[in-house]
Amino acid sequence: MYNILVGGAAGQGIDTTVANLEVLLKKAGYYVFTIRDFMSRVRGGHNFCMIRFGNEMITSHSNQVDGMIALDDDTVELHKKNLKEDGFILCDTKLSTTDAKAIKLNMNGMAKELGNFRVSGSIAIGAILKLFGIGMDHVEETMKTLVKEAYLDMNLKAVKLGFDSVETRYSISNGNFKDWMVISGSKSLALGAIAAGVNFYSAYPMSPSTAIMEYLASKSVEADFVVEQAEDEIAAINMAIGASYAGARAMTGTSGGGFCLKVEALGLSGIAEIPLVAVDVQRPGPATGLPTRTEQSDLKFVISAAQGEFPRMVIALKNHKDAFYQTIRAFDIAEKYQIPVILLSDQYLGDSTATVEPFDLSNIKVSEPSKGEYQEGEYLRYQLTESGISPRLIPGKSRNFVSADSDEHDERGFITESADVRNQMMDKRMKKLDLLRKELLEPEFLGEVNCEILLIGWGSTYGPIAEAVHTLNKAEPGKYGALSFGDVYPLPTKVLKEKASKAKQIINIEQNATGQLKDLIREQTGILCTSSILKYDGRQISGEEIVERVRKGGQK
Amino acid sequence: MCEFKTYETAWCPGCGNFSILQCLKTALEELGKDPYEVLMVGGIGQAAKTPQYISANSFCGLHGRSLPAAVAAKITNEKLTVIVDTGDGDSYGEGGNHFIHNIRRNVDITHFVHDNQIYGLTKGQASPTTSEGQITGVQVTGSVNTPLNPVLMAIAAGAGFVARAFSGDTKHLTEIMKQAISYPGYAIVDILQPCISFNKVNTYAYYKSRVYHLEEDYDPSNKLEAMQRAMEFDDRIPIGVLYQEQKQTFHQKNIVLAGREPLVDRIRDNSVINNLIKEFV
């Protein structure tokens with residue numbers, strides 16, 4: 001397994017180089033996992049990506065770097081401390097570094113000679129392939145899918161030039177991942193929405209959620225749905241609710257700040273019983289926080305956002321595969337229970353790319369939304385039923401009137417202030433949670449069944465925790481286990497209670513400052529975590545960092 | 001087929017809303033609308049209760065947010081006749097941003113603003129259209145803000161159908177409502193309406209003595225003239241269609257929607273998703 005860092009200023013083409021390199025590596029059979037660490041600016045500053053690749057599955061990034069492609073001197077200065085003893089710095093001759101690890105190539109000069117300075121990225125790619133002993137066989141075919149035809153020849157020459165400029169230093173046997181996908185978390189989520197039959201997506205641009213809207217917009221004609229950029233987040237969610245009421249499968253997405261604006265409408269979805277999928281791609285707060293970085297600090301907020309009480313579900317996405325399948329499930333649950341379902345992603349998951357087995361639709365049954373048929377007698381939109389779920393019709397699709405009301409209402413959907421009706425309607429709505437609890441997914445257990453030390457996490461820390469448990473158990477066999485929660489609200493507690501009763505220590509690992517899941521677990525089960533590993537600097541915790549901090553015992 | 005029933009309301013006796021509701025019923029019936037294909041949308045406020053008082057589909061959402069929900073419902077199913085009935089606070093105050101941007105969006109919906117120049121449901125505070133100097137329970141020394149001119153603003157923002165009407169002139173109001181509902185695109189009618197409980201300035205008599213019908217030869221396609229007439233809001237207030245222009249609707253402009261069956265009736269083809277998945281392999 002190797003780890004390559006590509007760094008430079010915003011606008012230097014890091015994105016393109018990395019996107020091409022990761023696909024070329026995957027096409028050579030390797031598993032690829034890439035994280036993106038960007039500043040909130042369009043030009044200048046320092047941005048970097050780290051591509052970790054190997055012939056087995058990789059679930060976490062690593063801060064130990066085997067080699068870097070440095071597009072500027074800052075990259076060398078900032079990251080040489082993470083470079084391994086035998087690592088390399090691939091850079092242009094114009095860089096001032098005198099580091100012995102530097103491999104200086106006249107990349108800009110060569111690119112200029114080829115006719116376009118932008119192909120210097122492809123020269124670097126060629127050099128990387130050669131350094132790691134990866135052949136050129138697949139390059140032409142793959143580059144065809146990555147580069148516009150007019151620039152193909154130039155880029156192929158550039159890769160060849162880079163390839164011929166260095167000697168092979170490493171050797172790594174190919175993996176079997178050639179036919180898998182390379183996809184970001186946000187695109188996986190968006191693709192899940194398309195697979196679930198989304199008809200309508202409304203959002204207001206906000207990092208790091210915009211990638212979802214961009215991908216959906218780019219496929220809206222081909223896949224036949226509407227993407228509308230709303231005038232603000234309040235409009236975005238009210239539009240999604242209006243569309244859903246009229247029979248669309250609707251989703252809205254944003255980050256924490258935008259979610260704050262949407263909160264009142266979340267309650268509208270709850271009381272009016274209109275299905276809604278709402279995505280929060282978390283970033284550090286409060287207010288505007290660190291706009292392009294990662295955090296898991298919206299958990300307590302989204303499980304209780306909006307005044308009053310109503311049933312809702314919150315699903316935290318664990319990884320790229322999960323983002324696809326859980327998004328489909330979110331649509332189905334929203335539809336089935338006529339509730340808002342919140343998907344919690346974050347910048348780390350949303351912007352990182354991973355290698356994933358191609359999504360398989362054959363085992364997925366996407367439920368068809370009910371359009372309704374004529375009902376004899378008066379149709380009661382909010383009919384009191386055993387399950388709490390009332391028959392839902394779509395306006396204009398039957399000879400019945402369909403009402404929706406944000407005030408407390410009677411079975412017909414007309415405003416009421418009756419104490420009895422209020423009680424009946426509250427009970428009816430909240431009762432839906434009883435059914436929902438029966439289909440919750442228990443947290444995934446990783447590691448040794450009879451572990452002494454139980455790690456607990458949720459959402460995107462899944463991968464780093466999985467790597468950490470593996471590493472820890474290698475050194476101390478049988479000692480470590482972990483529970484990673486996807487469904488976080490309502491909180492599934494069965495497996496948690498079972499595992500917690502046997503463990504000597506329970507350590508919660510979260511990307512926030514207060515241990516929000518730890519608090520929720522205590523509230524719902526009385527189970528106390530014995531110590532915490534918390535991180536809130538906007539950078540995702542790696543498997544290595546978890547190992548190190550677990551060995552120190554975490555914070556009491 | 002096209003009979004609309006109205007129900008018992010919670011409005012104050014003498015409220016201008018009654019005649020607006022009656023005109024709406026008549027307009028819908030005279031247009032031959034099928035009640036099951038009509039969607040009434042309201043936000044929050046006295047006027048916003050209108051959807052609950054007429055036999056049609058109804059969506060009563062949040063304060064200020066009637067427009068986003070209404071346009072999205074129309075985008076989803078263009079066979080629905082979507083009508084927003086809501087007040088001046090809902091439309092121009094809390095919902096001001098949606099007002100501006102839905103003019104730009106030009107989805108084919110109708111927006112009837114019951115403009116009584118006061119907040120009624122919350123018992124008499126200044127609304128965006130309350131006159132400068134008017135004393136209320138909150139603006140105790142008189143409102144210091146310049147009142148918004150919604151019709152002028154709508155014309156300036158590019159609305160294709162802008163009208164002003166008066167709840168006390170029901171024959172005229174019904175006619176304007178019919179034109180607005182029939183107009184293909186976003187149509188706004190600012191309906192002057194007395195609030196007998198909380199606005200002692202803009203009374204029935206106040207409006208009655210000021211409103212006049214736009215002349216028969218008035219040309220609603222002349223934007224500058226329309227803006228001039230829109231600014232007439234003092235001793236004399238013109239009512240009628242101030243401005244009208246044919247514009248492409250959202251459905252006509254949106255490539256996914258244009259000339260196709262409603263979004264709600266479309267069936268997803270799984271092969272499209274499989275192709276999208278392949279793009280990542």
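**Questions about a two-chain model**

Colleague: Which residues does Asn102(B) touch, not counting residues up to four places away in sequence?

Modeller: Asn102(B) touches Leu67(B), Val71(B), Val107(B) and Tyr186(B), with residues up to four places away in sequence left out; two residues are in contact if their C-beta atoms, placed from the backbone, lie within 7 Å. This is a predicted model, in which local features need pLDDT of at least 70, side-chain atom pairs count only at pLDDT 80 or more, and totals for chains, interfaces and linings use all residues. Residues are numbered from 1 along each chain as its sequence is written, while chains are lettered from A and ligands numbered from 1 in the order in which they are written.

Colleague: Why does Asn102(B) count as buried?

Modeller: Asn102(B) has 26 C-beta neighbours inside 10 Å. A residue is buried with 20 or more other C-beta atoms within 10 Å of its own, exposed with 12 or fewer, and partly exposed in between, so Asn102(B) counts as buried. In space, Asn102(B) lies 7.8 Å from Pro68(B), C-alpha to C-alpha, though 34 residues separate them in sequence.

Colleague: How do you know that the buried residues of H4(B) line one face of the helix?

Modeller: Helix H4 of chain B covers residues 96–105, and His98(B), Phe99(B), Asn102(B), Ile103(B) and Arg105(B) are buried there. Down the axis of H4(B) they fall within an arc of 155°, so they line one face; the arc is that of the directions from the helix axis to the C-beta atoms. Helices (H or I, at least four residues) and strands (E, at least two) are DSSP runs, numbered from the N terminus. Among the elements covering these buried residues are H9 (233–245) of chain A and H2 (66–76) of chain B. Just after H4(B), Asn106(B) has a positive phi of about 55°.

Colleague: Which element gives the most to the side of chain A that touches chain B?

Modeller: In total, 53 residues of chain A are in contact with 43 residues of chain B. H9(A) gives the most to chain A's side, with nine residues. That side divides into 34 nonpolar, nine polar and 10 charged residues, where Ala, Val, Leu, Ile, Met, Phe, Trp, Tyr, Cys and Pro count as nonpolar, Asp, Glu, Lys and Arg as charged, and the others, Gly among them, as polar.

Colleague: What makes Lys26(A) count as buried?

Modeller: Lys26(A), found in helix H1 of chain A, counts as buried because it has 24 C-beta neighbours inside 10 Å. Beyond four places in sequence, Lys26(A) is in contact with Val32(A), Phe177(A), Trp180(A), Val182(A) and Thr355(A). The C-alpha atoms of Lys26(A) and Asn174(A) are separated by 9.5 Å, with the two 148 residues apart along the chain.

Colleague: At what angle do helix H3 and helix H6 of chain A pack?

Modeller: H3 (residues 107–114) and H6 (residues 149–165) of chain A pack at about 150°, with axes 10 Å apart. Axes are lines fitted to C-alpha atoms, for helices over the stretch in contact, and angles run from 0 to 180 degrees between N-to-C directions. Met110(A), Ala111(A) and Leu114(A) in H3(A) meet Met154(A), Lys157(A), Ala158(A) and Leu161(A) in H6(A). This contact of H3(A) with H6(A) divides into six nonpolar, no polar and one charged.
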